[in-house]
Amino acid sequence: MSRPTSRALVPISVEQPDPVTVRVLPARCGDCLVVEMGPSGARRRFLVDGGLKSIYDEGLGAYLTSDASPPHFDLAVVTHIDRDHIDGVIEALAAGVLDADDIWFNGRDEIEALLSGDDAGDRGYRQGDELSRLLPAELRNRAVGGSAVHVPDAGPPEYDVAGARITLLSPVRRRLERLVDRWPVDAGSDPAATEALIDAFEDPGSRGEGEFGEDGSVANGSSIAFLLEVDGVSLLLTGDAFAPDLEVAIRTLLERRGEPRLAVDLFKLSHHGSRQNLTDSLLDLIEPSVVLVCTDGSKFRHPDEDAIVKVREHYPEASIRFSDDDGTNAHIRARAELVGSVANPPGPLLLTFTSSSAPTSGPGSGPAPSPPSGRASGGG
């Protein structure tokens with residue numbers, strides 16, 4: 001009998017997705033994140049919030065004007081009407097440098113369309129705020145037909161945006177009802193009127209210590225929060241959303257998927273690490289590789305000390321990163337030292353994630369963090 005001819009084993013090349021990067025731009029006490037994904041030369045971008053106006057030139061403005069032409073965004077999200085989230089987006093739109101296919105923002109018109117059942121596509125801009133005035137109607141909340149972005153009674157909806165899966169976790173309808181009830185009836189849309197409108201939703205400068213999971217801010221409760229999954233990487237981006245709302249949505253999502261916990265590469269803490277937006281039961285549902293705290297601590301001295309300690313207790317092996325920990329901010333450095341976080345090198349924090357390895361370092365990102373035990377490195 002002839003013997004079978006031996007054949008050399010040829011290694012099979014498995015093409016890995018390009019990294020997903022999260023660029024944490026200067027925002028002072030607010031949020032401003034740029035998520036980039038996809039191959040070089042065809043990168044897709046999402047923008048989440050714009051930070052304060054006072055830091056725009058160093059933050060979002062610098063990013064948008066660093067090249068000859070502004071970068072294109074597949075989606076821009078303004079999580080809620082709060083100065084430290086909305087200001088930079090208003091500045092960018094007014095300057096004509098924010099180019100986006102779809103812009104999610106729940107203004108008065110969008111909320112009233114939801115509550116009344118109107119066809120948002122059949123109505124023009126009436127009144128609301130400067131951001132709504134600057135947004136072309138055809139670019140506003142396109143994924144939901146121009147109505148308000150919200151979580152229906154049936155549970156978290158999912159959207160395909162530029163090849164990424166977005167699962168919406170907040171807000172629920174009743175939070176938007178509270179927001180529009182608080183909206184000044186005679187609100188205009190010029191810059192001065194918008195300042196007065198934001199002031200109407202502003203938290204008092206001194207509000208006391210507060211309790212875990214008991215945020216009462218009407219604006220924060222209306223935050224757009226979502227899970228972004230793309231190329232094997234998962235990012236939990238929470239705005240200033242309420243902990244009980246996130247918990248209900250995540251529990252529903254886990255039941256739907258048949259999973260015990262939500263394993264994510266990045267968990268951005270809600271409301272800059274405030275205790276009022278954290279609960280033990282919420283943290284128990286999430287299994288992150290990296291926890292991100294966005295604030296310089298200039299408002300309410302966020303993150304709260306007991307909140308950040310609680311996060312470390314729940315996630316002993318996760319990397320906890322701070323947007324403004326460059327070693328010169330004493331308040332943030334003290335909070336970082338509590339949880340063993342190293343200071344960032346100069347420049348905006350840059351986090352890089354891949355589906356086959358732990359998050360890697362980039363300029364301003366520091367050493368690669370360790371994933372939680374029992375979970376594959378960097379898996380989404």
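# Chatting through a salt-bridge network and a sheet

Guide: In this predicted model, a network of salt bridges links Glu 158, Arg 165, Glu 229, Arg 256 and Arg 257.

Visitor: OK, let's take that apart. How do Glu 229 and Arg 257 meet?

Guide: Their side chains form a salt bridge, 2.8 Å from N to O. Glu 229 sits in strand β10 and Arg 257 in helix α8, so this pair ties together parts that lie 28 residues apart in sequence.

Visitor: Is Glu 229 buried or exposed?

Guide: Glu 229 has a relative accessible area of 16%, and buried means under 20%, so Glu 229 counts as buried.

Visitor: And what about Glu 158 and Arg 257?

Guide: Those two side chains also meet in a salt bridge, at 3.8 Å from N to O. That pair links distant parts of the chain, with Glu 158 in strand β8 and Arg 257 in helix α8, 99 residues apart. Glu 158 is partly exposed at 36% relative accessibility, and Arg 257 is partly exposed at 22%.

Visitor: How many salt bridges does the structure hold?

Guide: There are 22. One of them joins the side chains of Lys 53 and Glu 91, 3.9 Å from N to O. Lys 53 is in the loop between β3 and α1, while Glu 91 belongs to helix α2, and they are 38 residues apart. Glu 91 is partly exposed, with 25% relative accessible area.

Visitor: Why would side chains like that pair up at all?

Guide: Opposite charges on side chains can pair when the charged atoms come close.

Visitor: New topic. In what order do the strands of the open sheet run?

Guide: The order is β8-β9-β10-β11-β12-β13-β14, seven strands with mixed pairing. At the edges stand β8 (158-161) and β14 (319-322); each has a single partner strand, so one side of each has no neighbour in the sheet. On average, neighbouring strands here are turned by 25 degrees against each other, ignoring direction.

Visitor: How do β10 and β11 run, parallel or antiparallel?

Guide: Antiparallel, with five bridges joining β10 (residues 225-230) to β11 (residues 233-237). Within that pairing, Phe 226 stands opposite Leu 237 of β11.

Visitor: Which strands does helix α8 touch?

Guide: Helix α8 (residues 243-257) packs on the sheet and touches β8, β9, β10, β11, β12 and β13. Its direction makes about 135 degrees with that of β9.

Visitor: And helix α10? Which strands does that one touch?

Guide: Helix α10 (residues 305-314) packs on the sheet too, touching β13 and β14, and its direction makes about 150 degrees with that of β14.

Visitor: Let's switch to rings. How many aromatic pairs are there in the whole structure?

Guide: Two. In one of them, the ring centres of Tyr 63 and Phe 73 are 6.4 Å apart and the planes meet at 45 degrees, so that pair is tilted. Tyr 63 comes from helix α1 and Phe 73 from strand β4, 10 residues apart. Tyr 63 is buried at 13% relative accessible area, and Phe 73 is buried at 0%.

Visitor: What about Trp 104 and Tyr 159?

Guide: They make an edge-to-face pair, 5.8 Å centre to centre with 75 degrees between the planes. Trp 104 is in strand β7 and Tyr 159 in strand β8, 55 residues apart. Both Trp 104 and Tyr 159 are buried.

Visitor: One last thing: where does the charged end of Lys 310 sit?

Guide: Over the ring of Phe 212, 4.6 Å from the ring's centre.

Terms used:
Residues numbered from 1 in each chain as written. Predicted model: local features only at pLDDT ≥ 70, side-chain atom pairs only at ≥ 80, totals over all residues. Heavy atoms only, no water. Pairing = 2+ DSSP bridges. Helix = DSSP H or I, 4+ residues; strand = E, 2+ residues; numbered from the N terminus. Axes fitted to C-alpha atoms, helices over the stretch in contact; angles between N-to-C directions. Contact = heavy atoms within 4.5 Å. Salt bridge = Lys/Arg side-chain N within 4 Å of Asp/Glu carboxyl O. Buried < 20%, exposed > 50% of the residue type's maximum accessible area, 1.4 Å probe, protein only. Phe/Tyr/Trp six-rings, centres within 6.5 Å; stacked < 30°, edge-to-face > 60°. Lys NZ or Arg CZ within 6 Å of the ring centre and 35° of its normal.
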